[in-house]
Amino acid sequence: MVFALARAATTRASHWSIKSFHSSSTNLHGVKRVGVLGAGQMGLGIALVAANVSKLPVLLLDTNESQLSKGLKFMDSLLKKDIAKGRLTEEQAEETRSRVKTTQNLADFSDVDFAIEAVSENPALKAKIFNDLAQATPKNAILATNTSSISITKIAAAAKGREEQVIGMHFMNPVPVMKLVEIIPGLATSDEVLKTTKDLAVAMGKTCTVSQDVPGFVANRLLMPYINEAIIAFETGIATKEDIDTTMKLGTNMPMGPLTLADFIGLDTCLAIMKVLHEQLGDTKYRPSVMLIKMVDAGWLGKKSGRGFYKY
């Protein structure tokens, strides 16, 4: 769940933009209905892009009714903003909105042929979800996870009898803006599932990269230690938070400083990923900063909580 370093990050992080464009490719993926588990920021973004860009019907699931309501209201606000800016017509926005249905019951995934899980980075929770997905979805359905650091092979092991159909599909945050999807096949993932997943990502307007199933994959294996080291630099008094961010922005042409970026990602998410890297790789260079741990304990999670390294 990485807030990727890209040109759009500083200008559009706080108000997503939905670009209405048609994929130049035909429907090579063969997917007829997408199911998304989790109506948080990532799940909503994935559902929106699937409905708006690839023009597929989407079933959005969350066990929390208020989260579903909140997500749909946010989707409506994004569509209205793009209508006002001339990026979408009212008819296009209505068509997109009509493609998204909601449910609180996993049994409704019985006719979903591509499921994308987008819940928090909790291995036990993901294992439970994939065990249930393996039973609730059709036998030919692909089961994708949006995990940003957890082993795809380990997640697949929970989907008994369906291991070949489990794959990592790591979208970048915010999904409607960021162009990349990191694809991660597990040990048992079939070539056919890999191809279908890549084709669907392209139909959603994304560029794909493929990573081996190793902790952090490519994006977070590089990004999170960078952020963690910036926190350590602040913690040990090397420079102020403002000077650390300014140095990286103006000195290395990063669009956003590492501490600001951490706030936008969510410090709890940063900590969860660093813990995965540290525990699974065993190298002390991946040990989470003491300050990062303290801030999460204090509930200072960044922008979403109103306070992190900066106040919002």
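**Note on the predicted chain**

1. Residues 24 or more positions apart make up 72% of the chain's contacts (heavy atoms within 4.5 Å) that have a separation of 6 or more. The model is predicted, with local features requiring pLDDT of at least 70 and side-chain atom pairs pLDDT 80 or more, while totals for chains, interfaces and linings use all residues. Numbering runs from 1 along each chain as its sequence is written, and side-chain values use heavy atoms, without hydrogens and water.

2. The chain contains 12 helices and eight strands, taken as DSSP runs (H or I of at least four residues for helices, E of at least two for strands) numbered from the N terminus. Along the principal axes, its C-alpha atoms fill a box of roughly 55 × 45 × 35 Å.

3. Of the 312 residues, 53% are buried, that is, under 20% relative accessible area with a 1.4 Å probe and protein chains only.

4. The unreviewed UniProt entry carries a "binding site" annotation, which includes Gly38, Asp62, Glu121, Lys126 and Lys304; such annotations may be inferred rather than shown by experiment. The annotated residues are spread over 267 residues of sequence and also in space, with up to 22.7 Å between C-alpha atoms.

5. Lys126, one of the annotated residues, belongs to helix α5 (residues 123-136). Its relative accessibility is 1%, so Lys126 counts as buried. Beyond its neighbours within four places in sequence, Lys126 has contacts that include Glu117, Glu121, Thr145 and Ile155.

Methods:
Buried means under 20% relative accessible area, exposed over 50%, partly exposed in between (1.4 Å probe, protein chains only).
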